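Hi,

Here is the structure I said I'd send over. Have a look at it first, and then read my notes below.

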Amino acid sequence: MLNIITVYGVMLLVALGRTLLLALLGLFFACIIGLIFGMMGVVKNRASNIISQIFVDAIRGVPMIVLAFFVYFGVPYLFNTIIGGFSVNLTALQAGTICLALNCGAYMAEIIRAGIQSVDIGQMEAARSLGLTYGMSMRKVVLPQAIRTMIPTFINQFIITLKDTSILSVIGFPELVNTAKNVQANTFMSFQTWAIVGIMYLIVITILSRSAKVLERRLSVDR
Amino acid sequence: MIDKSEVKVSVKNLKKHYGDLQVLKDISTDIYKGEVVTVIGPSGSGKSTFLRCLNRLETVTSGTVVVDGTDITDKHNNINKVRENIGMVFQHFNLFNNLNIIDNLTLAPVQLKKCSKAEATERAKKMLSKVGLSDKAESYPSQLSGGQKQRVAIARALCMEPDIMLFDEPTSALDPEMVGEVLQVMKDLAADGMTMIIVTHEMGFAREVADRVIFMDGGYIIEEGTPQEVLLNPKEARTIDFLNKVL
(Lines give C-alpha, C1' and ligand atoms only; values in the text may rest on other atoms or scores of the structure.)
Protein backbone atom coordinates (compact mmCIF):
# COMPACT_ATOMS: atom_id res chain seq x y z
CA MET A 1 0.00 0.00 0.00
CA LEU A 2 2.80 2.41 0.93
CA ASN A 3 4.47 1.52 -2.30
CA ILE A 4 1.44 2.59 -4.32
CA ILE A 5 1.14 5.86 -2.42
CA THR A 6 4.78 6.83 -2.78
CA VAL A 7 5.12 5.78 -6.40
CA TYR A 8 1.66 6.50 -7.78
CA GLY A 9 0.29 9.03 -5.25
CA VAL A 10 0.94 12.12 -7.33
CA MET A 11 -0.43 10.44 -10.44
CA LEU A 12 -3.63 9.54 -8.63
CA LEU A 13 -3.99 13.05 -7.22
CA VAL A 14 -3.58 14.54 -10.68
CA ALA A 15 -6.22 12.08 -11.91
CA LEU A 16 -8.53 13.17 -9.10
CA GLY A 17 -7.98 16.74 -10.28
CA ARG A 18 -9.11 15.69 -13.76
CA THR A 19 -12.15 14.02 -12.27
CA LEU A 20 -13.05 17.27 -10.51
CA LEU A 21 -12.39 19.30 -13.65
CA LEU A 22 -14.65 17.04 -15.69
CA ALA A 23 -17.35 17.17 -13.03
CA LEU A 24 -17.19 20.99 -12.82
CA LEU A 25 -17.32 21.43 -16.59
CA GLY A 26 -20.20 18.98 -16.83
CA LEU A 27 -22.10 20.63 -14.00
CA PHE A 28 -21.60 24.10 -15.43
CA PHE A 29 -23.18 23.18 -18.76
CA ALA A 30 -25.74 20.97 -17.02
CA CYS A 31 -26.96 24.01 -15.09
CA ILE A 32 -27.48 25.91 -18.34
CA ILE A 33 -29.21 22.96 -20.02
CA GLY A 34 -31.28 22.32 -16.90
CA LEU A 35 -32.41 25.92 -16.64
CA ILE A 36 -33.40 26.06 -20.32
CA PHE A 37 -35.31 22.77 -20.35
CA GLY A 38 -36.69 23.32 -16.85
CA MET A 39 -38.15 26.68 -17.87
CA MET A 40 -39.45 25.15 -21.09
CA GLY A 41 -41.26 22.68 -18.88
CA VAL A 42 -43.12 25.32 -16.85
CA VAL A 43 -44.03 28.04 -19.35
CA LYS A 44 -47.60 28.03 -20.65
CA ASN A 45 -46.74 26.64 -24.06
CA ARG A 46 -47.70 23.11 -24.94
CA ALA A 47 -45.02 22.68 -27.62
CA SER A 48 -42.17 23.72 -25.35
CA ASN A 49 -43.54 21.54 -22.50
CA ILE A 50 -43.49 18.53 -24.83
CA ILE A 51 -39.98 19.24 -26.13
CA SER A 52 -38.73 19.54 -22.56
CA GLN A 53 -40.40 16.29 -21.56
CA ILE A 54 -39.04 14.40 -24.58
CA PHE A 55 -35.51 15.59 -23.82
CA VAL A 56 -35.76 14.54 -20.20
CA ASP A 57 -37.30 11.15 -21.01
CA ALA A 58 -34.77 10.42 -23.76
CA ILE A 59 -31.74 11.16 -21.61
CA ARG A 60 -33.11 9.41 -18.55
CA GLY A 61 -33.99 6.38 -20.65
CA VAL A 62 -30.43 5.79 -21.88
CA PRO A 63 -27.65 4.50 -19.61
CA MET A 64 -24.80 6.98 -19.37
CA ILE A 65 -22.26 4.45 -20.64
CA VAL A 66 -24.28 4.10 -23.85
CA LEU A 67 -24.51 7.87 -24.13
CA ALA A 68 -20.72 8.08 -23.67
CA PHE A 69 -20.02 5.57 -26.46
CA PHE A 70 -22.61 7.25 -28.66
CA VAL A 71 -21.14 10.73 -28.23
CA TYR A 72 -17.48 9.69 -28.40
CA PHE A 73 -17.61 7.08 -31.15
CA GLY A 74 -21.06 7.31 -32.74
CA VAL A 75 -21.38 11.01 -33.45
CA PRO A 76 -17.97 11.43 -35.18
CA TYR A 77 -18.69 8.28 -37.20
CA LEU A 78 -22.02 9.77 -38.27
CA PHE A 79 -20.40 12.94 -39.58
CA ASN A 80 -17.15 11.48 -40.91
CA THR A 81 -18.40 8.30 -42.52
CA ILE A 82 -22.18 8.06 -42.83
CA ILE A 83 -22.79 11.65 -43.97
CA GLY A 84 -19.20 12.16 -45.04
CA GLY A 85 -17.28 15.31 -45.83
CA PHE A 86 -17.02 16.45 -42.24
CA SER A 87 -14.11 16.00 -39.93
CA VAL A 88 -15.54 15.79 -36.46
CA ASN A 89 -13.27 14.60 -33.70
CA LEU A 90 -14.01 14.99 -30.05
CA THR A 91 -11.39 14.70 -27.35
CA ALA A 92 -12.33 12.44 -24.47
CA LEU A 93 -12.69 15.53 -22.26
CA GLN A 94 -15.07 17.20 -24.72
CA ALA A 95 -17.14 14.04 -25.16
CA GLY A 96 -17.16 13.46 -21.41
CA THR A 97 -18.30 17.00 -20.72
CA ILE A 98 -21.11 16.70 -23.25
CA CYS A 99 -22.27 13.40 -21.71
CA LEU A 100 -22.28 14.73 -18.18
CA ALA A 101 -23.94 17.98 -19.24
CA LEU A 102 -26.72 16.15 -21.07
CA ASN A 103 -27.24 13.51 -18.41
CA CYS A 104 -27.09 15.78 -15.39
CA GLY A 105 -28.88 18.55 -17.35
CA ALA A 106 -31.93 16.33 -17.80
CA TYR A 107 -32.15 15.64 -14.07
CA MET A 108 -31.55 19.33 -13.30
CA ALA A 109 -34.39 20.25 -15.67
CA GLU A 110 -36.71 18.05 -13.65
CA ILE A 111 -35.46 19.50 -10.36
CA ILE A 112 -35.94 23.06 -11.63
CA ARG A 113 -39.39 22.32 -13.07
CA ALA A 114 -40.54 20.69 -9.84
CA GLY A 115 -38.99 23.47 -7.75
CA ILE A 116 -40.78 26.21 -9.68
CA GLN A 117 -44.06 24.33 -9.58
CA SER A 118 -43.72 23.88 -5.83
CA VAL A 119 -43.99 27.65 -5.34
CA ASP A 120 -47.61 28.61 -4.61
CA ILE A 121 -49.34 29.86 -7.77
CA GLY A 122 -50.60 32.82 -5.72
CA GLN A 123 -47.07 34.28 -5.67
CA MET A 124 -47.08 34.54 -9.46
CA GLU A 125 -50.66 35.84 -9.52
CA ALA A 126 -49.92 38.54 -6.95
CA ALA A 127 -46.85 39.67 -8.91
CA ARG A 128 -48.78 39.71 -12.19
CA SER A 129 -51.70 41.56 -10.61
CA LEU A 130 -49.33 44.44 -9.83
CA GLY A 131 -48.45 44.75 -13.51
CA LEU A 132 -45.13 42.91 -13.42
CA THR A 133 -44.34 40.88 -16.54
CA TYR A 134 -44.03 37.08 -16.46
CA GLY A 135 -40.24 37.37 -16.65
CA MET A 136 -39.97 39.91 -13.84
CA SER A 137 -42.29 37.87 -11.63
CA MET A 138 -40.25 34.75 -12.30
CA ARG A 139 -36.90 36.42 -11.59
CA LYS A 140 -37.86 38.50 -8.57
CA VAL A 141 -40.47 36.39 -6.83
CA VAL A 142 -40.81 32.77 -7.97
CA LEU A 143 -37.23 31.70 -8.75
CA PRO A 144 -35.69 33.00 -5.50
CA GLN A 145 -38.22 30.90 -3.57
CA ALA A 146 -37.90 27.90 -5.88
CA ILE A 147 -34.11 27.84 -5.61
CA ARG A 148 -34.24 27.55 -1.84
CA THR A 149 -36.32 24.40 -2.06
CA MET A 150 -34.12 23.04 -4.85
CA ILE A 151 -30.78 23.33 -3.07
CA PRO A 152 -30.75 19.96 -1.25
CA THR A 153 -31.75 18.11 -4.43
CA PHE A 154 -29.20 20.07 -6.43
CA ILE A 155 -26.39 19.06 -4.11
CA ASN A 156 -27.48 15.46 -4.26
CA GLN A 157 -27.37 15.67 -8.06
CA PHE A 158 -23.89 17.25 -7.94
CA ILE A 159 -22.62 14.30 -5.93
CA ILE A 160 -24.19 11.80 -8.33
CA THR A 161 -22.58 13.64 -11.25
CA LEU A 162 -19.19 13.61 -9.56
CA LYS A 163 -19.45 9.85 -9.15
CA ASP A 164 -20.74 9.43 -12.71
CA THR A 165 -17.46 10.80 -14.06
CA SER A 166 -16.05 7.35 -13.35
CA ILE A 167 -18.23 5.93 -16.11
CA LEU A 168 -16.30 8.10 -18.55
CA SER A 169 -13.19 6.02 -17.92
CA VAL A 170 -14.54 3.81 -20.72
CA ILE A 171 -13.84 6.42 -23.36
CA GLY A 172 -10.26 6.77 -22.19
CA PHE A 173 -10.34 10.03 -20.31
CA PRO A 174 -7.57 9.69 -17.70
CA GLU A 175 -9.73 10.51 -14.68
CA LEU A 176 -9.36 8.69 -11.39
CA VAL A 177 -10.80 5.28 -12.30
CA ASN A 178 -9.10 5.13 -15.66
CA THR A 179 -5.75 6.00 -14.07
CA ALA A 180 -6.30 3.52 -11.26
CA LYS A 181 -6.79 0.75 -13.81
CA ASN A 182 -3.28 1.48 -15.09
CA VAL A 183 -1.88 1.48 -11.57
CA GLN A 184 -3.50 -1.87 -10.92
CA ALA A 185 -2.14 -3.27 -14.20
CA ASN A 186 1.37 -2.14 -13.30
CA THR A 187 1.37 -3.27 -9.68
CA PHE A 188 -1.14 -6.18 -9.61
CA MET A 189 -2.16 -4.81 -6.20
CA SER A 190 -5.91 -4.74 -6.84
CA PHE A 191 -7.03 -4.54 -3.24
CA GLN A 192 -4.73 -1.68 -2.31
CA THR A 193 -5.36 0.31 -5.50
CA TRP A 194 -9.14 0.23 -5.34
CA ALA A 195 -9.16 0.80 -1.59
CA ILE A 196 -7.13 3.97 -2.09
CA VAL A 197 -9.32 5.15 -4.96
CA GLY A 198 -12.46 4.45 -2.95
CA ILE A 199 -11.13 6.44 -0.03
CA MET A 200 -10.20 9.34 -2.32
CA TYR A 201 -13.77 9.54 -3.64
CA LEU A 202 -15.12 9.14 -0.15
CA ILE A 203 -13.07 12.06 1.21
CA VAL A 204 -14.00 14.45 -1.60
CA ILE A 205 -17.69 13.58 -1.50
CA THR A 206 -17.86 13.75 2.28
CA ILE A 207 -16.29 17.22 2.25
CA LEU A 208 -18.79 18.24 -0.43
CA SER A 209 -21.86 16.91 1.31
CA ARG A 210 -20.79 18.29 4.72
CA SER A 211 -20.28 21.79 3.33
CA ALA A 212 -23.57 21.41 1.50
CA LYS A 213 -25.30 20.73 4.81
CA VAL A 214 -23.81 23.90 6.27
CA LEU A 215 -24.92 25.92 3.25
CA GLU A 216 -28.38 24.42 3.42
CA ARG A 217 -28.73 25.29 7.08
CA ARG A 218 -27.61 28.88 6.47
CA LEU A 219 -30.09 29.34 3.64
CA SER A 220 -33.01 27.80 5.42
CA VAL A 221 -32.72 30.02 8.50
CA ASP A 222 -36.28 31.17 8.97
CA ARG A 223 -36.57 34.79 8.06
CA MET B 1 -68.84 59.68 -3.77
CA ILE B 2 -70.06 57.95 -6.94
CA ASP B 3 -69.31 59.77 -10.15
CA LYS B 4 -71.95 58.42 -12.55
CA SER B 5 -70.35 60.27 -15.45
CA GLU B 6 -67.32 57.98 -15.49
CA VAL B 7 -67.57 54.22 -15.98
CA LYS B 8 -64.40 52.57 -14.61
CA VAL B 9 -65.24 48.98 -15.45
CA SER B 10 -67.72 47.93 -18.09
CA VAL B 11 -68.56 44.24 -18.42
CA LYS B 12 -70.68 43.06 -21.35
CA ASN B 13 -71.99 39.52 -21.90
CA LEU B 14 -69.04 38.02 -20.07
CA LYS B 15 -68.85 34.23 -20.36
CA LYS B 16 -66.25 31.90 -18.97
CA HIS B 17 -65.98 28.15 -19.57
CA TYR B 18 -63.55 25.63 -18.20
CA GLY B 19 -63.94 22.93 -20.81
CA ASP B 20 -67.60 21.93 -20.55
CA LEU B 21 -68.12 23.67 -17.24
CA GLN B 22 -69.75 27.09 -17.60
CA VAL B 23 -68.68 29.20 -14.67
CA LEU B 24 -69.91 32.58 -15.88
CA LYS B 25 -72.94 32.40 -18.13
CA ASP B 26 -73.80 35.96 -19.08
CA ILE B 27 -72.60 38.81 -16.92
CA SER B 28 -73.11 42.48 -17.77
CA THR B 29 -72.62 45.39 -15.43
CA ASP B 30 -71.01 48.83 -15.22
CA ILE B 31 -69.01 50.04 -12.26
CA TYR B 32 -68.65 53.78 -11.77
CA LYS B 33 -65.82 55.85 -10.43
CA GLY B 34 -65.79 55.87 -6.64
CA GLU B 35 -68.39 53.12 -6.39
CA VAL B 36 -68.03 50.38 -3.78
CA VAL B 37 -69.54 47.14 -5.09
CA THR B 38 -69.73 43.97 -3.06
CA VAL B 39 -70.35 40.64 -4.75
CA ILE B 40 -72.05 37.98 -2.64
CA GLY B 41 -73.35 34.51 -3.37
CA PRO B 42 -72.91 30.84 -2.53
CA SER B 43 -69.59 29.12 -3.17
CA GLY B 44 -69.23 28.00 -6.75
CA SER B 45 -71.47 30.81 -7.95
CA GLY B 46 -68.65 32.33 -9.99
CA LYS B 47 -67.97 35.44 -7.88
CA SER B 48 -64.21 34.95 -7.63
CA THR B 49 -63.94 34.00 -11.29
CA PHE B 50 -65.88 37.15 -12.17
CA LEU B 51 -63.46 39.25 -10.14
CA ARG B 52 -60.42 37.55 -11.65
CA CYS B 53 -61.73 38.25 -15.15
CA LEU B 54 -61.57 41.98 -14.40
CA ASN B 55 -57.75 41.97 -14.46
CA ARG B 56 -57.45 38.95 -16.75
CA LEU B 57 -56.02 36.58 -14.17
CA GLU B 58 -58.65 34.41 -15.84
CA THR B 59 -58.93 34.56 -19.60
CA VAL B 60 -62.42 35.35 -20.83
CA THR B 61 -64.22 32.91 -23.12
CA SER B 62 -66.45 35.55 -24.71
CA GLY B 63 -67.77 39.02 -24.03
CA THR B 64 -65.85 42.19 -23.24
CA VAL B 65 -64.34 43.72 -20.13
CA VAL B 66 -63.43 47.38 -20.59
CA VAL B 67 -61.31 48.91 -17.85
CA ASP B 68 -60.66 52.66 -18.05
CA GLY B 69 -61.44 52.58 -21.75
CA THR B 70 -59.17 49.64 -22.55
CA ASP B 71 -60.74 46.37 -23.65
CA ILE B 72 -58.68 43.82 -21.71
CA THR B 73 -60.19 40.88 -23.58
CA ASP B 74 -58.37 42.18 -26.68
CA LYS B 75 -55.02 40.40 -26.77
CA HIS B 76 -53.39 43.35 -28.54
CA ASN B 77 -53.82 45.61 -25.52
CA ASN B 78 -51.03 45.52 -22.97
CA ILE B 79 -52.58 43.87 -19.93
CA ASN B 80 -49.62 44.77 -17.72
CA LYS B 81 -50.27 48.50 -18.21
CA VAL B 82 -53.92 48.02 -17.25
CA ARG B 83 -53.01 45.94 -14.20
CA GLU B 84 -50.79 48.74 -12.89
CA ASN B 85 -54.03 50.60 -12.38
CA ILE B 86 -56.01 47.80 -10.72
CA GLY B 87 -54.88 46.64 -7.31
CA MET B 88 -55.84 43.17 -6.18
CA VAL B 89 -56.05 41.68 -2.70
CA PHE B 90 -56.25 37.90 -2.38
CA GLN B 91 -57.86 35.58 0.13
CA HIS B 92 -54.49 34.06 1.01
CA PHE B 93 -52.59 37.40 1.03
CA ASN B 94 -49.88 36.16 -1.36
CA LEU B 95 -47.17 38.38 0.08
CA PHE B 96 -43.81 37.66 -1.53
CA ASN B 97 -42.25 35.30 1.00
CA ASN B 98 -38.69 35.96 -0.17
CA LEU B 99 -38.87 39.70 0.44
CA ASN B 100 -39.29 41.77 3.58
CA ILE B 101 -42.32 44.01 3.94
CA ILE B 102 -40.78 47.18 2.56
CA ASP B 103 -39.43 45.27 -0.48
CA ASN B 104 -42.84 43.69 -0.97
CA LEU B 105 -44.22 47.20 -1.30
CA THR B 106 -41.49 48.71 -3.47
CA LEU B 107 -40.86 45.79 -5.86
CA ALA B 108 -43.49 46.64 -8.46
CA PRO B 109 -43.14 50.46 -8.47
CA VAL B 110 -39.35 50.18 -8.84
CA GLN B 111 -39.35 47.34 -11.38
CA LEU B 112 -41.95 49.10 -13.49
CA LYS B 113 -40.00 52.37 -13.21
CA LYS B 114 -42.94 54.28 -11.80
CA CYS B 115 -40.53 56.05 -9.48
CA SER B 116 -37.05 55.90 -7.98
CA LYS B 117 -36.17 53.49 -5.20
CA ALA B 118 -36.09 56.38 -2.71
CA GLU B 119 -39.51 57.66 -3.72
CA ALA B 120 -40.95 54.16 -3.66
CA THR B 121 -39.57 53.57 -0.17
CA GLU B 122 -41.05 56.84 1.03
CA ARG B 123 -44.45 56.01 -0.41
CA ALA B 124 -44.24 52.49 1.01
CA LYS B 125 -43.61 53.89 4.47
CA LYS B 126 -46.58 56.20 4.10
CA MET B 127 -48.81 53.31 3.08
CA LEU B 128 -47.57 51.17 5.95
CA SER B 129 -48.43 53.89 8.44
CA LYS B 130 -51.84 54.20 6.76
CA VAL B 131 -52.54 50.53 7.52
CA GLY B 132 -50.94 50.89 10.96
CA LEU B 133 -47.86 48.73 10.42
CA SER B 134 -44.96 51.18 10.32
CA ASP B 135 -42.99 49.07 12.76
CA LYS B 136 -43.07 46.01 10.47
CA ALA B 137 -41.10 47.46 7.53
CA GLU B 138 -38.10 45.18 8.03
CA SER B 139 -40.07 42.05 9.00
CA TYR B 140 -40.66 39.10 6.70
CA PRO B 141 -44.18 37.90 5.85
CA SER B 142 -43.73 34.73 7.93
CA GLN B 143 -43.39 36.90 11.05
CA LEU B 144 -46.78 38.59 10.66
CA SER B 145 -50.26 37.52 11.72
CA GLY B 146 -52.94 36.95 9.10
CA GLY B 147 -54.56 40.31 9.68
CA GLN B 148 -51.22 42.07 9.44
CA LYS B 149 -50.39 40.21 6.23
CA GLN B 150 -53.65 41.26 4.65
CA ARG B 151 -53.12 44.89 5.63
CA VAL B 152 -49.64 44.72 4.07
CA ALA B 153 -51.19 43.21 0.95
CA ILE B 154 -53.57 46.16 0.72
CA ALA B 155 -50.67 48.60 1.23
CA ARG B 156 -48.69 46.78 -1.47
CA ALA B 157 -51.51 47.22 -3.96
CA LEU B 158 -51.90 50.90 -2.99
CA CYS B 159 -48.21 51.60 -3.65
CA MET B 160 -48.97 51.33 -7.37
CA GLU B 161 -51.52 54.15 -6.87
CA PRO B 162 -54.35 52.25 -8.55
CA ASP B 163 -57.75 53.73 -9.46
CA ILE B 164 -59.56 50.47 -8.83
CA MET B 165 -59.14 47.86 -6.11
CA LEU B 166 -60.33 44.26 -6.34
CA PHE B 167 -60.76 42.22 -3.14
CA ASP B 168 -61.18 38.46 -3.41
CA GLU B 169 -62.63 37.31 -0.07
CA PRO B 170 -60.05 39.36 1.85
CA THR B 171 -61.19 38.23 5.31
CA SER B 172 -62.13 34.59 4.65
CA ALA B 173 -58.77 33.16 5.70
CA LEU B 174 -58.48 35.26 8.86
CA ASP B 175 -59.07 34.39 12.48
CA PRO B 176 -62.26 36.14 13.64
CA GLU B 177 -60.47 38.64 15.85
CA MET B 178 -58.43 39.88 12.91
CA VAL B 179 -61.31 40.51 10.54
CA GLY B 180 -62.10 43.91 12.05
CA GLU B 181 -58.68 45.45 11.47
CA VAL B 182 -58.74 44.53 7.77
CA LEU B 183 -62.31 45.74 7.27
CA GLN B 184 -61.37 49.03 8.94
CA VAL B 185 -58.60 49.62 6.39
CA MET B 186 -61.07 48.86 3.62
CA LYS B 187 -63.63 51.27 5.09
CA ASP B 188 -61.00 54.03 5.17
CA LEU B 189 -60.19 53.28 1.57
CA ALA B 190 -63.85 53.48 0.58
CA ALA B 191 -64.15 56.80 2.43
CA ASP B 192 -61.20 58.12 0.39
CA GLY B 193 -63.25 57.53 -2.75
CA MET B 194 -61.54 54.42 -4.12
CA THR B 195 -63.45 52.39 -6.69
CA MET B 196 -63.74 48.97 -5.04
CA ILE B 197 -65.11 45.61 -6.08
CA ILE B 198 -65.24 43.21 -3.17
CA VAL B 199 -66.14 39.54 -3.12
CA THR B 200 -67.09 38.88 0.48
CA HIS B 201 -69.09 36.88 2.97
CA GLU B 202 -69.16 39.77 5.44
CA MET B 203 -72.80 40.80 5.16
CA GLY B 204 -72.49 43.45 7.86
CA PHE B 205 -69.61 45.06 6.00
CA ALA B 206 -71.51 44.88 2.71
CA ARG B 207 -74.47 46.59 4.30
CA GLU B 208 -72.42 49.32 5.88
CA VAL B 209 -69.94 50.18 3.15
CA ALA B 210 -71.34 49.09 -0.20
CA ASP B 211 -73.04 51.42 -2.63
CA ARG B 212 -74.29 48.39 -4.51
CA VAL B 213 -74.61 44.69 -3.76
CA ILE B 214 -74.50 42.10 -6.51
CA PHE B 215 -75.90 38.67 -5.74
CA MET B 216 -74.56 35.92 -7.99
CA ASP B 217 -75.62 32.33 -8.32
CA GLY B 218 -74.93 29.65 -10.93
CA GLY B 219 -72.87 31.99 -13.10
CA TYR B 220 -75.53 34.70 -13.38
CA ILE B 221 -76.16 38.01 -11.63
CA ILE B 222 -79.47 37.20 -9.97
CA GLU B 223 -80.11 40.50 -8.31
CA GLU B 224 -78.34 43.80 -7.76
CA GLY B 225 -79.09 47.06 -6.04
CA THR B 226 -78.42 49.04 -2.89
CA PRO B 227 -77.72 47.08 0.29
CA GLN B 228 -81.21 47.98 1.49
CA GLU B 229 -82.78 46.54 -1.64
CA VAL B 230 -80.75 43.36 -1.94
CA LEU B 231 -79.95 42.48 1.65
CA LEU B 232 -83.07 43.73 3.43
CA ASN B 233 -85.77 43.43 0.76
CA PRO B 234 -84.60 40.80 -1.70
CA LYS B 235 -87.03 40.03 -4.50
CA GLU B 236 -85.62 36.88 -6.04
CA ALA B 237 -86.29 33.52 -4.43
CA ARG B 238 -82.64 32.46 -4.68
CA THR B 239 -81.45 35.63 -2.97
CA ILE B 240 -83.96 35.14 -0.15
CA ASP B 241 -82.90 31.51 0.21
CA PHE B 242 -79.19 32.44 0.34
CA LEU B 243 -79.68 35.24 2.83
CA ASN B 244 -81.76 33.00 5.07
CA LYS B 245 -78.85 30.59 5.21
CA VAL B 246 -76.12 33.10 5.98
CA LEU B 247 -77.82 35.68 8.17
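Chain B has a radius of gyration of 18 Å, and a compact globule of 247 residues would come out near 18 Å, so the two agree. Please keep in mind that this is a predicted model. The chain is built from nine helices and ten strands.

A few overall numbers for chain B: of its 247 residues, 55% are buried. The accessible surface is about 10400 Å², with carbon and sulfur atoms accounting for 46% of that. If you take the contacts between residues at least 6 apart in sequence, 66% of them link residues at least 24 apart. As for charges, there are 30 positive and 34 negative ones, and their mean positions sit 4 Å from each other.

The one to start with is B:Leu14, which is part of strand E1 (residues 3-18) of chain B. Its relative accessibility is 0%, and because buried means under 20%, B:Leu14 counts as buried. What does B:Leu14 touch, leaving out residues up to four places away in sequence? Its partners are B:Leu24, B:Lys25, B:Asp26, B:Ile27, B:Phe50, B:Cys53, B:Val60, B:Ser62, B:Gly63 and B:Val65.

Is B:Asn94 buried or exposed? With a relative accessibility of 6%, B:Asn94 counts as buried. Setting aside neighbours within four places in sequence, its contacts include A:Asp120, A:Gly122, A:Gln123 and A:Ala126 from chain A, along with B:Arg156 from chain B.

The mean pLDDT of chain A is 91, and 97% of its residues reach 70 or more. Within chain A, helix H5 (residues 121-129) has the highest confidence, at 97, and helix H8 (residues 190-219) has the lowest, at a mean of 89.

Cheers

Terms used: Residues are numbered from 1 along each chain as its sequence is written. Chains are lettered from A and ligands numbered from 1 in the order in which they are written. This is a predicted model: local features need pLDDT of at least 70, side-chain atom pairs count only at pLDDT 80 or more; totals for chains, interfaces and linings use all residues. Side-chain values use heavy atoms; hydrogens and water are left out. Helices (H or I, at least four residues) and strands (E, at least two) are DSSP runs, numbered from the N terminus. The radius of gyration is taken over C-alpha atoms; the globule rule is 2.2 Å times the number of residues to the power 0.38. Buried means under 20% relative accessible area, exposed over 50%, partly exposed in between (1.4 Å probe, protein chains only). Contact means heavy atoms within 4.5 Å. Accessible areas come from the Shrake-Rupley method with a 1.4 Å probe; for residues, only the protein chains shown count as cover. Lys and Arg count as positive and Asp and Glu as negative; His and the chain ends are not counted. The place of a charge is taken as NZ of Lys, CZ of Arg, CG of Asp or CD of Glu. pLDDT is the predictor's confidence in each residue, from 0 to 100.
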